[in-house]
Amino acid sequence: MTIVKTFSFRDLRGEAHHHCWTNAALPILLCKPSVAILRLIELFLEQEEPAQRLCYSGDFDVASLQVTLALANRFAPGFVPWWPGADTYKCWSVHGPTLSQEEKERLQRMEIPWDTSLPITMAHVGRKIVSGNVCC
């Protein structure tokens, strides 16, 4: 039997305070963004130190890169991409499904400020990688 507890936004905020999870304790690592989680992060960032880091770990595909760019814009200047570079991608690219021609074309038009070679490398290699399959 699996027991799943669902938290409301107020529950999450109270739970975070109960465990002393303050924005000064550790960088925030975000893997699966949701509206509730993004709002909770905004509350943490509003409370105290504006220099807090938000690290995001996404997949190596077009949709995840778009999410990463949106988060970078929303949470600048404290946003830090988590292992999203071309070097990491090349090491793990043999393990992923093939990118479609449309995805390759979208990557060739994409600009990634923290690693300008990443979208070009991905379009050339032509594979998607699920971040859970990447070991740093």
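Reader: Does L38 count as buried or exposed?

Author: First, a word on the source. This is a predicted model, in which local features need pLDDT of at least 70 and side-chain atom pairs count only at pLDDT 80 or more, while totals for chains, interfaces and linings use all residues. Residues are numbered from 1 along each chain as its sequence is written, and side-chain values use heavy atoms, with hydrogens and water left out. Now the general idea: buried means under 20% relative accessible area, exposed means over 50%, and partly exposed is in between (1.4 Å probe, protein chains only). L38 has 11% relative accessibility, so L38 counts as buried.

Reader: Where is L38, and which residues is L38 in contact with?

Author: L38 has its place in helix α2. Helices here are DSSP runs of H or I with at least four residues, strands are runs of E with at least two, and both are numbered from the N terminus. Contact means heavy atoms within 4.5 Å. Leaving aside neighbours within four places in sequence, L38 is in contact with L30, P33, L71, R74 and F75. L38 and L71 are 33 residues apart in sequence, yet their C-alpha atoms are 9.4 Å apart in space.

Reader: What does E42 touch?

Author: E42 is also found in helix α2. Not counting residues up to four places away in sequence, E42 touches R74 and F75.

Reader: How many helices and strands does the protein have, and in what order do the elements run?

Author: The secondary structure comes to six helices and three strands. From the N terminus on, the order is α-β-α-β-α-β-α-α-α.

Reader: How are the strands arranged, parallel or antiparallel?

Author: In general, strands of a sheet pair through backbone hydrogen bonds, either parallel or antiparallel. For the assignment, two strands pair if DSSP finds at least two bridges between them. Here three strands form an open sheet in the order β1-β2-β3, with parallel pairing. β1 (28-30) and β3 (79-81) stand at the edges with a single partner strand each, so one side of each has no neighbour in the sheet. β1 is joined to β2 (residues 54-56) by three bridges, and I28 has L54 as its bridge partner in β2.

Reader: At what angle do α3 and α5 pack?

Author: α3 and helix α5 (residues 101-109) pack at about 30 degrees, with their axes 10 Å apart. Angles under 35 degrees count as roughly parallel, over 145 as roughly antiparallel, 65 to 115 as roughly perpendicular and the rest as oblique. α3 and α5 are therefore roughly parallel to each other. V62, L65 and Q66 of α3 and E103, R106 and L107 of α5 make the contact.

Reader: Is E103 buried or exposed?

Author: E103 has 16% relative accessibility, so E103 counts as buried. Apart from residues up to four places away in sequence, E103 touches V62, T98 and K128.

Reader: Which residues of α6 are buried, and what covers them?

Author: In helix α6 (residues 118-125), the buried residues are L118, P119, T121, M122 and A123. Their cover includes α3, α4 (86-92) and α5.

Reader: How many disulfides does a search find?

Author: A disulfide is a covalent bond between the sulfur atoms of two cysteines. The search criterion is a pair of cysteine sulfur atoms within 2.5 Å, and over the whole structure it finds zero disulfides. C55 counts as buried at 2% relative accessibility, whereas C91 counts as exposed at 59%.

Conventions: Axes fitted to C-alpha atoms, helices over the stretch in contact; angles between N-to-C directions.
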